[in-house]
Amino acid sequence: MLRQFFGAAALATMMVVAPALAAEIKPAVVYDLGGKNDQSFNQSAYNGAEAYQKDTGTDYRDFEIQNDAQREQALRRFAQRGYDPIVAIGFSQAEALKKVAPEFPETKFAIVDMVVDLPNVRSIVFKEHEGSFLVGLLAAKASQTGKVGFVGGMDIPLIRAFACGYKQGAKAANPDIEIFENMIGTTGAAWNDPVKGGELTKSQIDRGADVIYHAAGGSGAGVLQAAADAGKLGIGVDSNQNALHPGNVLTSMVKRVDTAVYNAFKDLASDDWSSGIYVLGLAEDGVAWADDENNKDLITDDMRAAVDQASKEIIDGKIVVHDYRADNSCPF
C-alpha cells in the first residue's frame, strides 16, 4: 500500500544501482538527542542506514550525541577521518554543520529538518503539516468524545507545524472538535522525557481527549503508553509506531527520514550527488499515514475513503494545509 511503505518502489530502484559502486563511499550518521533507538525520528534514520548496508554491503559509522557540545565534535571527527557523506539528523545540528562543512569543502554533508545553505550540504526538509492533516482527520473521525489531543516535544516552529496541520485536519472532519495541545519543554531534553509525555497525556485524557497525537521523539513512548494504559488511542510519528501498542495506536504519521538517509548514501555512491534543498511532502512520498495489520480494525472504510480523498486534494492543491513556519501562526 502506498500509505504504508510508499517509498518501496523508489527504494527498489536504488538497490539495483547501489551495490556496484557502494565500496567507493564511507558514510556516517550523527543522530540527535534521544539516540537511534528512540523508536521514532532517529530510528528512522538508523533504519535507512541499515537498509543501505544490507543492500550493498557498505559499512557505515554512526554516533549518538549525549549533549549539544558533541554535535560539532562528531561532525568534525568523522570528516577528519575521511567519512563521506556525513548525515546530520535534526535541526539542532545546523549551527555545528555551518562551522564544520566549510572546513571540509570536498566532503558531502546532509542535514535533515533544517536548511544549511552551503555548496557541499544537502538540506532535507519535510511537509510535516501535510501528513499531520491526515492523521488529524482520522483522529476526529475516531474520537467518541469530540475531544482530541496533541503532545509536542521541544516547543519550536517545526513542532508547532505538526500541531497546526493536525488541528486543521481534525477540524476538516469535525468543525466543533476540541483540541488540547501541550509541549514537553524548550530544550533538547524534551525529546527524551517519556515520563513527562505520559503525564501530559493523562492530563488531556482527564479532560476528555480519547485520541492523542505526539510529535515528541523518544518522549512519545510515554504518550503512547499512557494512551494505551487508559484504553484510549495514540498516534505515532516519524517511524511507523503502530506495532508498539496494537489496537491502541490509531495510526502513525510516517516521515521518510530512512529514505532520505538511504538516498544520501546511494547518490554519492552512484556519482549522482546534488546539494541544495529537498522538500518532501505527500506529492513526493515524503510523508504519509501508516495503514497496516496493527491498526486495520481501527480504520473504517469511511475513514480510509476520507483520508484518501484528502490526500488527493492536498496533492492536487485543492486543499492547502497551513504551514505554521510560514508566518509563525496557526489559524485553527
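C164 is buried, at 1% relative accessibility. C164 forms a disulfide with C330. This is a predicted model.

**Disulfide**
- The structure has one disulfide.
- The sulfur atoms of C164 and C330 are 2.2 Å apart.
- This pair links distant parts of the chain, 166 residues apart. C164 belongs to helix α7 (residues 157–173), while C330 falls in the segment after α12 (324–327).
- The torsion about the S-S bond is about 90°, so the disulfide is right-handed.
- C330 has a relative accessible area of 26%, which makes this cysteine partly exposed.

**Salt bridges**
- The structure contains 21 salt bridges.
- K36 pairs with D62, with 3.1 Å between the closest N and O atoms. The two residues are 26 apart in the chain: K36 sits in the loop between β1 (28–31) and α3 (41–56), D62 in strand β2 (residues 61–64).
- K36 counts as buried because its relative accessibility is 18%, under the 20% limit.
- E128 pairs with K255, the closest N and O atoms being 2.7 Å apart. E128 is in helix α6 (residues 128–142) and K255 in strand β10 (residues 249–255), so the bridge ties together parts 127 residues apart in sequence.
- E128 and K255 are both buried.
- R160 pairs with E181, and their closest N and O atoms are 2.6 Å apart. R160 is in helix α7 and E181 in strand β7, so this bridge ties together parts 21 residues apart in sequence.
- R160 is partly exposed at 24%, and E181 is partly exposed at 23% relative accessibility.
- Shared partners join D113, E128, K255, D323 and R325 into one salt-bridge network.

**Six-stranded sheet**
- Six strands form an open sheet with mixed pairing, in the order β7-β6-β8-β9-β10-β12.
- The edge strands are β7 (178–185) and β12 (287–289). Each has a single partner strand, so one side of each lacks a neighbour in the sheet.
- Neighbouring strands are turned by 15° against each other on average, direction ignored.
- Strands β6 (residues 147–154) and β8 (residues 211–215) pair in the parallel sense over four bridges.
- F150 stands opposite Y213 in β8.

**Nonpolar surface patch**
- V115, I277 and V279 make a nonpolar surface patch of about 240 Å².
- I277 lies in strand β11 (residues 276–280).
- I277 is exposed because its relative accessible area is 53%, over the 50% limit.

Definitions and conventions. Residues numbered from 1 in each chain as written. Predicted model: local features only at pLDDT ≥ 70, side-chain atom pairs only at ≥ 80, totals over all residues. Heavy atoms only, no water. Patch = residues over 30% accessible without salt bridge, like charges linked within 9 Å, V, L, I, M, F, W, Y side chains within 5 Å. Areas by Shrake-Rupley, 256 points an atom, 1.4 Å probe, with all protein chains shown as cover. Salt bridge = Lys/Arg side-chain N within 4 Å of Asp/Glu carboxyl O. Buried < 20%, exposed > 50% of the residue type's maximum accessible area, 1.4 Å probe, protein only. Disulfide = S-S within 2.5 Å. Pairing = 2+ DSSP bridges. Axes fitted to C-alpha atoms, helices over the stretch in contact; angles between N-to-C directions.
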